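Hello,

Here is the structure we discussed handing over.

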Amino acid sequence: MHTAPTPHLDVATPERVALTLPVAGIGYRCLAWLVDASLLFFFWLVAYFAFTLVVSDVLGALQALSGLARTLLVVGLFATQWLYWTVGEVFFHGQTVGKRALGIRVVRADGSPVGLYESAVRNLCRAVDFLPMAYAAGCICMLLTRQHRRLGDLLAGTLLVREERIDLDKYTAQAPAAAAVGAQGAARALTPEEVELVLAFLARAEGLRPDVRRRMGEKLVDRVGGLSGEARAAVLASPERTEAFLRARARAEG
Amino acid sequence: MALPLPAFVAKRRPDWDALQALLARQKAGALKLEELRTLDTLYRRAAADLAHTQTFYPGTDAHRFLNQLCGQAYAAIYQPPRERWPAVRDFFRRDFPVTLRRELRFVGASAAVFCLGLLLGALVVLWEPRGAELLVPAGVRQYVAQGRMWTDDILSMAPPNSVASGIATNNLTVTIVTFALGMLGGLGTLYMLVNNGVQIGAISALCIREGMTRGFLDFIAAHGPVELSIIVIAGGAGLMVGQALIDPGELPRGQALALRGREAVKLVLGCAPFLACIGVVEGYVSPGSLFPTWVKAALGLSLGALFWGYLLRAGNSEAVRTGAPADSAS
């Protein structure tokens with residue numbers, strides 16, 4: 001069932017409603033980091049080539065820079081590497097570009113958005129999480145903690161939550177024009193689990209192999225239909241009729 | 001009596017869609033006051049719907065959808081106050097120096113550890129010259145053996161990986177790593193402090209032995225005082241983190257860590273602009289002989305005095321004037 005104990009964050013809002021937000025796992029986080037890292041990499045690549053186009057003798061030009069310019073260059077490079085994450089998290093609702101692409105977001109441990117200090121802490125700690133190489137320390141820490149937090153997250157009191165793409169259309173989708181079989185028969189009200197089961201099946205029915213589609217439809221009809229004999233045979237005559245019946249059944253008003 | 005799930009979704013969905021649209025526009029930052037009121041109303045309705053689904057349709061997609069929607073609206077409504085320029089000004093005028101004075105114990109401990117390393121490195125090299133082979137990087141030793149400062153080449157462009165420029169560009173990294181390694185129970189910070197102390201001590205002792213005291217002072221005088229102070233302060237911040245890890249007091253370890261982390265990072269963030277300024281001095285004033293030694297020494301001493309004067313005095317009078325009522329109010 002959906003209520004399997006996946007890691008989650010419980011939030012008690014002032015409105016006295018308990019929110020349960022799913023926590024982003026190590027896979028999401030690595031992918032988001034990859035997106036961000038390649039973005040920064042390409043930024044410097046483009047900057048380098050633009051610089052090369054302007055100045056023909058790159059090595060000579062770099063060496064001709066004064067001590068001041070060199071220091072500024074190094075400080076600037078460091079700032080883009082480090083400021084990027086914090087600016088993204090503070091000003092864009094807890095999301096850098098990579099986190100937005102993956103649909104994850106940084107929040108405090110109580111579910112509220114991160115502030116400047118938290119973001120600064122967790123990003124300064126990248127230096128430690130990166131040890132000894134390739135975020136090994138951070139990954140081990142993520143695997144060991146219940147809410148997949150790396151060392152920087154522990155220090156800052158933050159974690160990452162996931163935003164899922166949930167399609168509500170399946171609840172309101174209209175049956176195709178096929179003749180709907182009357183579902184009123186000996187109808188009892190379905191439980192929410194059964195409705196969910198039927199709708200999940202209907203959403204995926206198109207993509208299933210024919211024999212699987214028929215077999216699962218049959219099982220579902222037996223579970224929710226309460227039909228027998230001829231009526232059942234009529235409903236099972238074709239996948240379209242089966243699904244029309246199930247749709248009507250799931251949408252029946254109690 | 002609970003409606004069947006599809007009927008419930010169909011009935012309530014317009015409100016949810018409207019809330020989603022408002023949230024998207026809120027992210028873009030284009031909401032009018034009227035719409036903010038609507039946002040508030042819709043959020044409350046969605047929260048009520050969430051409570052409803054929790055009771056009647058737990059574990060369904062509708063439940064998870066509402067969870068997420070309310071989470072986003074919650075984040076949008078309960079935003080932390082935006083940090084603006086006045087906040088930055090306040091931070092440097094009061095928050096940063098006051099925090100530093102409050103945590104002076106840790107900065108003191110960090111300074112003590114650093115000086116210990118300094119003494120250790122210097123004594124080893126003064127006592128036993130071959131110790132330098134162990135403690136001083138090979139590149140530096142080559143230069144010293146030729147009787148030259150390894151920093152002379154920064155302006156006259158020798159190998160770009162010369163040690164001095166490495167030291168210069170590493171300042172930021174050293175500061176951040178010194179702080180961040182506090183996450184290893186403070187041991188990492190102690191290691192960084194001792195290690196840096198030993199290296200600097202050994203190099204200076206080597207220079208003294210080889211009769212290059214003048215050249216060494218010439219290089220280090222202008223930026224040394226402030227730069228070493230900043231590393232010591234970052235060390236203090238790292239020790240704060242380590243202390244929260246080892247001895248969290250009455251709080252759970254995670255909470256103590258988060259609390260101390262917020263305080264500690266103030267010290268590091270506060271140092272950042274000074275580190276940038278001193279980086280400019282180190283890259284521009286310190287190497288070469290553009291400035292006579294006494295100018296550099298005077299500059300370094302006055303910068304150090306200014307820096308510590310600011311740290312120990314700033315926000316003092318204001319704290320006396322405005323701090324007391326603010327404290328009693330909170």
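In this predicted model, helix H10 (residues 192-204) of chain A and helix H13 (residues 239-251) of chain A cross at roughly 145°, and their axes come within 10 Å. Axes here are lines fitted to C-alpha atoms, for helices over the stretch in contact; angles run from 0 to 180 degrees between N-to-C directions. Helices (H or I, at least four residues) and strands (E, at least two) are DSSP runs, numbered from the N terminus. The H10(A)/H13(A) crossing is left-handed. That term applies if the near helix is turned anticlockwise from the far one by less than a right angle; clockwise gives right-handed.

From H10(A), the contact takes in A:Val195, A:Val198, A:Leu199, A:Phe201 and A:Leu202; H13(A) brings A:Glu243, A:Leu246, A:Arg247 and A:Ala250. Contact means heavy atoms within 4.5 Å. By class, this contact of H10(A) with H13(A) holds seven nonpolar, no polar and two charged residues. Ala, Val, Leu, Ile, Met, Phe, Trp, Tyr, Cys and Pro count as nonpolar; Asp, Glu, Lys and Arg as charged; the others, Gly among them, as polar.

Chain B has a packed pair to look at too. Helix H5 (residues 104-127) of chain B meets helix H12 (residues 224-246) of chain B at an angle of about 115°, with the axes 7 Å apart. The crossing of H5(B) and H12(B) is right-handed. Residues in the contact include B:Phe106 and B:Phe114 in H5(B), and B:Gly235 and B:Gly236 in H12(B). The H5(B)/H12(B) contact divides into ten nonpolar, four polar and no charged residues.

Back to chain A. Which residues of helix H7 (residues 136-144) of chain A are buried? They are A:Gly138, A:Cys141 and A:Met142. Buried means under 20% relative accessible area, exposed over 50%, partly exposed in between (1.4 Å probe, protein chains only). The three lie on the same side of H7(A), because they cover an arc of only 100° around the axis. The arc is taken from the directions from the helix axis to the C-beta atoms. They pack against helices H1 (26-54), H6 (126-129) and H8 (151-156) of chain A. Exposed A:Leu143 and A:Leu144 sit on the face of H7(A) turned away from the buried side.

Overall, chain A has 13 helices and four strands. Of its 254 residues, 41% count as buried.

Conventions: residues are numbered from 1 along each chain as its sequence is written, chains are lettered from A and ligands numbered from 1 in the order in which they are written. Local features need pLDDT of at least 70, side-chain atom pairs count only at pLDDT 80 or more, totals for chains, interfaces and linings use all residues, and side-chain values use heavy atoms, with hydrogens and water left out.

Best wishes
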